[in-house]
Amino acid sequence: MDRVLVKTNEERDDTIRNSLFGKLALFVSGAGAFSIIVVAYPFISPAFRRICLPYVPATDTQIRNIVAVLRKRETKVNIVDLGSGDGRIVFEAEKHGFSSTVGVELNPWLVAYSRVRALLHKKKSYFVRSDLWKFSLTPFSNVVIFGVEGMMSDLEKKFSAELRPGSWVVACRFPVPGLKLLLTEGTGLDTVWVYEIQKSEHQLRS
């Protein structure tokens with residue numbers, strides 16, 4: 001009888017341990033899945049927008065081509081990179097003499113990463129978490145954009161409405177229709193187009 005009772009108690013203890021282990025495993029797997037979702041969401045969410053700008057890191061050739069055209073800019077005042085990603089273009093602009101360099105990025109992890117890099121390397125570049133469509137370009141004379149084909153027409157309207165005449169738009173991967181092409185650099189997927197904003201129709205009539 002005692003042996004049966006001991007065996008029953010052991011089985012009960014095993015059942016409790018297995019139950020606790022199962023709950024712990026379920027909690028850990030659930031927490032892990034939630035963490036993955038939290039981290040991945042800022043990278044995945046652009047795909048659910050009507051016009052999305054996914055994070056695709058610039059190639060070394062694309063960066064070299066952008067730097068090549070920025071060197072030709074005589075007045076190196078302020079510049080903003082729309083969809084700045086890991087911040088490399090912004091840091092390159094600062095390195096090559098632009099007095100005010102700003103990155104605009106919607107992904108909070110990439111903004112945090114860029115800010116940490118700026119802090120560690122004692123950079124003056126500034127990074128803003130914002131939707132590029134809601135960010136005003138009025139203060140800037142130079143804009144860099146790695147766009148997608150479906151958004152370039154809408155970007156042209158934004159550039160024409162907000163940028164002053166003489167401002168430069170540096171586009172990579174896709175050209176901007178409707179703007180005056182100033183020069184190009186590179187070929188194929190690494191092509192960089194440089195546009196100069198002209199006077200608006202309202203200014204021409206005034």
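Predicted model: local features only at pLDDT ≥ 70, side-chain atom pairs only at ≥ 80, totals over all residues.
Asp 60, Asp 86 and Arg 88 are linked in a network of salt bridges, where a salt bridge is a side-chain nitrogen of Lys or Arg within 4 Å of a carboxyl oxygen of Asp or Glu. Residues are numbered from 1 along each chain as its sequence is written, and side-chain values use heavy atoms, with hydrogens and water left out.

Asp 86 is buried, with a relative accessible area of 15%, and Arg 88 is partly exposed at 23%; here buried means under 20% relative accessible area, exposed over 50%, and partly exposed in between, with a 1.4 Å probe and protein chains only.

The structure holds four salt bridges. Among them, Glu 185 pairs with Lys 72, their closest N and O atoms being 3.6 Å apart, and this pair links distant parts of the chain, since Glu 185 lies in strand E6 and Lys 72 in the loop between H2 and strand E1, 113 residues apart. Helices (H or I, at least four residues) and strands (E, at least two) are DSSP runs, numbered from the N terminus.

Asp 60 and Arg 88 also bring us to the second largest pocket, as both are among the residues that line it. A pocket is an open set of points on a 1 Å grid over the protein atoms alone, where a 1.4 Å probe fits, with protein on both sides within 12 Å along at least five of seven lines, and lining residues have an atom within 4 Å of a point. Helix H2 (60–70) and helix H3 (88–95) each supply at least two residues of this lining, and the largest share, four residues, comes from H2.

Phe 91 is another residue of that lining, and it takes us to the aromatic pairs, of which the structure holds two. Rings of Phe, Tyr and Trp (its six-membered ring) pair if their centres lie within 6.5 Å, and planes under 30 degrees apart count as stacked, over 60 as edge-to-face and the rest as tilted. The rings of Phe 91 and Phe 127 have centres 5.4 Å apart and planes at 65°, so this pair is edge-to-face. Because Phe 91 lies in helix H3 and Phe 127 in strand E3, the pair ties together parts that are 36 residues apart in sequence.
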